[in-house]
Amino acid sequence: MFYILSRFAALLASPVIYMMGLLVVAVLLYHQPQVRKVCLWGTLVLFLLFTNPYLYYRAETAWTKPYISSMKAGHTYEHAVVLGGFGGYNPTYQRIDLNESADRLTEAIMLYRQGRIRTIVIASDGTCNETVGDERVFRRQMNLLGVPDSALLIEGKARNTKENVTCTLELVPSLRRENFLLITSAVHMKRSLRCFREAGMHPDFYSTDIKYVVPTQWENWVPQMSVLNDWYHLGHEWIGWWAYTFF
């Protein structure tokens with residue numbers, strides 16, 4: 001039930017929903033000029049706010065700043081848990097396609113190659129999920145990137161962050177006792193840490209794909225459609241944080 005409700009609640013995270021709502025009201029109440037005018041101006045204001053790269057950067061920084069990294073200098077971790085969401089399996093070409101969150105995986109691989117972690121634990125990503133992925137293809141690609149099967153554990157059942165915790169713990173029970181490393185996107189780290197801590201674990205953390213823009217660069221004040229997607233992900237984290245408070 002929680003999973004189903006979370007899918008519907010995620011719709012509220014998109015700024016597009018609110019802009020569409022105002023436009024629908026403007027169309028339905030076309031015979032009321034004042035209401036129609038307010039709705040149209042409201043849509044324009046929301047569009048300018050939620051497509052501005054710098055404003056989004058400030059919002060994300062406020063959310064993520066305390067959760068960038070707590071890695072211990074010179075320490076080697078037995079396990080690093082990489083939360084899924086960095087890619088998917090393409091059955092047409094039988095390959096793994098990474099997305100905008102690919103840093104979760106690539107940073108983990110670099111840390112492994114540097115000797116900072118011994119085993120990478122993948123927590124239910126679309127590349128190797130039991131229902132939509134292909135673990136064999138994913139493992140083969142990881143081998144080509146220098147990560148042998150002996151250094152790779154895969155959990156392929158979880159559907160959300162809460163299930164990531166329980167399913168990963170079933171796969172690696174020792175995580176409850178050891179000091180492991182949690183790797184995920186910066187916007188996702190705060191909620192992820194909360195889930196692990198509520199389960200009695202206190203991992204060190206390492207955030208990836210951290211947003212940065214140059215305030216003085218004029219392009220960062222020009223509306224960009226891709227920022228709407230950034231706001232969706234950040235809004236999803238806000239909603240998820242409050243949902244975990246009540247469920």
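Me: Which residues does S124 touch, leaving out those up to four places away in sequence?
Reply: S124 touches G84, N129, E155, G156, K157, A158 and N164; contact means heavy atoms within 4.5 Å. This is a predicted model, where local features need pLDDT of at least 70, side-chain atom pairs count only at pLDDT 80 or more, and totals for chains, interfaces and linings use all residues. Residues are numbered from 1 along each chain as its sequence is written, and side-chain values use heavy atoms, with hydrogens and water left out.

Me: Where is S124, and is it buried or exposed?
Reply: S124 sits in the loop between β4 (117-123) and α6 (135-144). Helices (H or I, at least four residues) and strands (E, at least two) are DSSP runs, numbered from the N terminus. S124 counts as buried because its relative accessibility is 12%; buried means under 20% relative accessible area, exposed over 50%, partly exposed in between (1.4 Å probe, protein chains only).

Me: What does its side chain make a polar contact with?
Reply: The side chain of S124 makes one with the side chain of N129, at 3.1 Å. A polar contact is a pair of N or O atoms within 3.5 Å; within protein, one must be able to donate a hydrogen and the other to accept it, and residues adjacent in sequence count only if both atoms are side-chain atoms.

Me: What about the phi of S124?
Reply: Positive, about 50°, although S124 is not a glycine. Most residues other than glycine have a negative phi. D209 also has a positive phi, near 30°, and lies in the loop between β7 (204-208) and α9 (226-246).

Me: Switching to rings. How many aromatic pairs are there?
Reply: The structure holds 10. Rings of Phe, Tyr and Trp (its six-membered ring) pair if their centres lie within 6.5 Å; planes under 30 degrees apart count as stacked, over 60 as edge-to-face and the rest as tilted. One of them is F50 with W231: the centres are 5.0 Å apart and the planes at 90°, so the pair is edge-to-face.

Me: Which parts does that pair tie together?
Reply: F50 lies in helix α3 (residues 33-50) and W231 in helix α9, so the pair ties together parts 181 residues apart in sequence. W231 is buried at 11% relative accessibility, while F50 is partly exposed at 22%.

Me: Which residues form the aromatic cluster?
Reply: F50, Y56, W231 and W238 form one cluster.
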